[in-house]
Amino acid sequence: MASAHSPALSLVLLLLLSPSLAASSEERENKSSSLGALFWATGKDESDLLTVVDSHDPSAVESENDEFAGGFSSLDGMLQWAIGHSDPVKLKEKANDIQKLSAEELRKRQLEIKELMERLQMPSDAELMQTAISDLNNSSISLEDRQCALNELLILVEPIDNANDLDKLGGLVAVIRELHHSDPEIRTTSAWILGKASQNNALVQNQILAYGVLTKLMKMVNSSFTEEAVKALYAISALIRNNEVGQKLFYAEDGNIMLQDIMTNSSMDIRLQKKAVFLATDLADYQLGNADNAELSFLSDRLFLKAVVDLTSAPDLDLQEKALMAIRSLLQLSSTKALDFKDFCSLDEVLERMREHLGKLISLEEHTEYARDLESLRREVYIIFHKKVEQV
């Protein structure tokens, strides 16, 4: 779209308003991309990412399709912002002063404006992503720079549009390769990126699954480096959430055994246990909402059910709550048997012990509100359970 201002008028306005623009440049400098105040990746110098604006060509600062540098959609947008933030009286005074400038003084001001424009110009998210990916593809960079590139991608993939572009830019291949790096922190951040990019994003889920990554991530869950295991399980959960293909692959890779082992191992990091039981809830909820799909048979396996029920005895209240939520969902599956919950899992006794324990916690001021919420959930599970028993 053509500018509403003539080139001469645009220049005059820029000359008048350049102090206002300069004052705003520091505020906007790190806000045109998702990275905020992050440092640049090392694959390119900052100067390589900046587009120099030719002050002799007014059309160079405006594009029909591209967003203007620094967050302004066009030169008009920049001018309108500056006008709106200027004193009309002073603006008129400066206009009169500009008319008295010599040609040499005008050229000097042009150079000042060009420098200002270059300061405002910031790379797009796509350019930043490409730079970080180039770093990952550079085998000679330091471990610190490699980690920096991954950290940048971790932030950049959060917007869904950026996540959708990751594979097109070669980013998935690069990040997946880092899952095999010798450094556990590199592997951890790589798994984290895959999880964040695929969160509630079927396109990216399917792209990552097509690369056969699930097997590697499941092996990483067994890592002795706890943070790696936690982020790998997070990535798995994000990959198979509401994704039938991913869930079938998970089952084929004995994912149910992995979850069961985590839930029954009292020495396991509690974050892993919470993620495991939360994933069990997620899988059950998906089955409840998609009755036409073939159910994952392990969700009705009584050993698996007992692993979930036993977590209600954990000392951590948050873990107890997550276990109750899983039980609530599992009870509603037509494939689960009421007698397995009653006789094999002793759910009646478990719920009664919880009632007594929560009754004591409610009397303690620091736990009252949370304990009441948990008791409400416990009663809901109790009702669903006894309805299921009555139908036998």
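1. How much space lies in the second largest pocket? About 250 Å³. A pocket here is an open set of points on a 1 Å grid over the protein atoms alone, where a 1.4 Å probe fits, with protein on both sides within 12 Å along at least five of seven lines; lining residues have an atom within 4 Å of a point. The volume is the space filled by probe spheres set on the points, which are joined across faces, edges and corners.

2. Before going on: this is a predicted model, where local features need pLDDT of at least 70 and side-chain atom pairs count only at pLDDT 80 or more, while totals for chains, interfaces and linings use all residues. Residues are numbered from 1 along each chain as its sequence is written, and side-chain values use heavy atoms, leaving out hydrogens and water.

3. Back to that pocket: 16 residues line it, and Met-218, Val-221, Asn-222, Met-258 and Ile-262 lie nearest its centre. Helix 12 (214–220), helix 13 (226–240) and helix 15 (255–264) each give two or more residues to the lining; helices are DSSP runs (H or I, at least four residues), numbered from the N terminus. Helix 15 has the largest share, with four.

4. Now the charged pairs: there are 17 salt bridges, each a side-chain nitrogen of Lys or Arg within 4 Å of a carboxyl oxygen of Asp or Glu. Glu-158 pairs with Lys-196, their closest N and O atoms 3.8 Å apart. Glu-158 sits in the loop between helix 7 (143–156) and helix 8 (160–166) and Lys-196 in helix 10 (residues 184–198), so this bridge ties together parts 38 residues apart in sequence.

5. Elsewhere, Glu-227, Lys-231, Asp-269 and Arg-271 are linked in a salt-bridge network.
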